[in-house]
Protein chains: 2
Amino acid sequence: MQLHNYFRSSASYRVRIALALKGLAADYVPVHLVRNEQSQPAFSALAPSRLVPALVLDDGQVLTQSMAIIEYLDETHPEPPLLPADALGRARVRSLAQDVACEIHPLDNLKVLRYLVRELKVADADKDRWYRHWVETGLEVVEQRLAGDTRTGRFCHGDTPTLADCVLVPQIHNAQRMNCRLDHVPTVMRVFENCMALPAFASTQPSACPDAA
Amino acid sequence: MQLHNYFRSSASYRVRIALALKGLAADYVPVHLVRNEQSQPAFSALAPSRLVPALVLDDGQVLTQSMAIIEYLDETHPEPPLLPADALGRARVRSLAQDVACEIHPLDNLKVLRYLVRELKVADADKDRWYRHWVETGLEVVEQRLAGDTRTGRFCHGDTPTLADCVLVPQIHNAQRMNCRLDHVPTVMRVFENCMALPAFASTQPSACPDAA
């Protein structure tokens with residue numbers, strides 16, 4: 001397998017974590033987003049969305065969208081499971097993942113920040129305020145859900161990592177890099193620290209990637 | 001079951017379609033977003049995200065995030081299936097759904113448009129340009145994927161509706177309401193028309209809802 005990805009892309013990092021949790025190897029193919037390599041024919045032929053990550057299977061099939069890729073990995077390599085055994089638990093884990101992947105991350109994507117500045121002429125300070133607003137309010141939702149539910153354990157759901165942790169942890173890395181407030185989300189940060197103590201999360205973090213600056 | 005939702009919310013419409021395809025009944029509980037009813041205690045106690053839809057099960061369990069809800073309905077009421085039988089097919093359907101739910105819809109959500117105008121002082125015309133930009137470019141990605149894959153059939157994936165159609169169709173309703181360009185996505189529109197010919201899509205559309213103006 002080949003993972004076309006970028007060290008700072010949080011959607012890429014989600015898949016790197018899942019691969020590591022499953023003990024699966026994939027060649028690391030860097031796609032430099034700031035240099036717009038995602039818009040070059042070599043990559044856009046793989047992914048019309050021009051978004052990383054893209055996972056190319058050994059038979060050439062291309063998978064896109066990080067949560068869909070992780071579900072595929074979980075179905076084809078069931079151990080250790082990244083989703084709970086019960087339908088209600090799976091719904092909770094997917095919903096927590098989507099609280100990050102559908103409510104926070106899309107608003108702070110590079111292409112979105114560029115459109116704000118280049119097309120809408122939003123000042124840099126306002127762009128940063130926008131970034132922090134969605135991260136801080138979005139993580140507050142996750143905090144309320146984690147703190148208010150007995151199913152939260154060492155990780156988002158119980159005592160083993162799930163899809164929800166694969167999606168949450170990269171968002172915290174971004175939040176830290178952009179100096180977002182995090183003192184209002186203690187349960188989120190406790191889960192984050194528990195995740196980062198695991199090699200699957202630590203060894204795949206942005207700073208550990210081959211294309212890190 | 002109770003579905004807390006809003007007629008114009010496309011995430012709500014996704015779940016209405018899935019319930020109808022499954023032949024499941026749920027009480028319709030309107031949450032008027034323009035009047036900010038989602039921020040009132042009655043609703044925010046159900047959903048810390050203050051986002052519709054929320055599905056309340058008969059035992060009081062609350063499910064949020066439309067794609068997670070639809071997967072739950074599919075797991076607990078398997079017929080007719082809303083995901084393909086093979087892992088690669090499921091990855092494709094989830095990925096198509098996420099191309100809409102993670103790349104288009106979050107940018108055009110009411111709370112986001114309000115933030116642009118109220119906080120960043122973006123002019124109404126620029127806000128509308130922003131809206132159309134993400135819809136038109138995002139649907140172009142879906143078009144390329146649908147047109148370039150033999151697995152596309154009468155619907156996004158084969159000849160029966162899936163999660164991808166549940167997510168795509170509400171986005172087209174929004175696009176039409178906001179006068180977005182759609183002549184560049186003929187395959188998308190063919191799938192849309194095939195969906196709207198089915199009662200599950202037509203009878204649950206915004207204009208048919210009890211809270212429609």
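Predicted model: local features only at pLDDT ≥ 70, side-chain atom pairs only at ≥ 80, totals over all residues.
1. From H4(A) come Leu96(A), Asp99(A) and Val100(A), and from H6(A) come Gly138(A), Val141(A), Val142(A) and Arg145(A). Sorted by class, this contact comprises 4 nonpolar, 1 polar and 2 charged residues.

2. The geometry of the pair deserves attention. H4 spans residues 87-101 of chain A and H6 spans residues 124-147 of chain A; their axes lie 9 Å apart and form an angle of about 165°. Angles over 145 degrees count as roughly antiparallel, and H4(A) and H6(A) are therefore roughly antiparallel to each other. The crossing of H4(A) past H6(A) is left-handed.

3. Which residues does Leu168(A) touch, leaving aside those up to four places away in sequence? They are Val100(A), Val142(A), Cys156(A), Val188(A) and Val191(A).

4. The largest nonpolar core contains 132 residues. Leu168(A) is among those with the most contacts inside this core, together with Leu163(A), Leu163(B) and Leu168(B).

5. The contact between the chains draws 35 residues from chain A and 35 residues from chain B. On the side of chain A, two or more residues are given by each of strand E4 (62-64), helix H3 (66-76), H4, helix H5 (110-118) and H6. H4(A) gives the most, with 8 residues. The residues on this side divide into 19 nonpolar, 9 polar and 7 charged.

6. In summary, H4(A) packs with H6(A) and also contributes to the side of chain A that touches chain B.

Technical notes. Residues numbered from 1 in each chain as written. Chains lettered and ligands numbered in written order. Axes fitted to C-alpha atoms, helices over the stretch in contact; angles between N-to-C directions. Helix = DSSP H or I, 4+ residues; strand = E, 2+ residues; numbered from the N terminus. Parallel < 35°, antiparallel > 145°, perpendicular 65-115°, else oblique. Left-handed = near helix turned anticlockwise from the far one by under 90°. Contact = placed C-beta atoms within 7 Å. Nonpolar A, V, L, I, M, F, W, Y, C, P; charged D, E, K, R; others polar. Core = buried A, V, L, I, M, F, W, Y, C linked by C-beta atoms within 7 Å. Buried ≥ 20, exposed ≤ 12 C-beta atoms within 10 Å, placed from the backbone.
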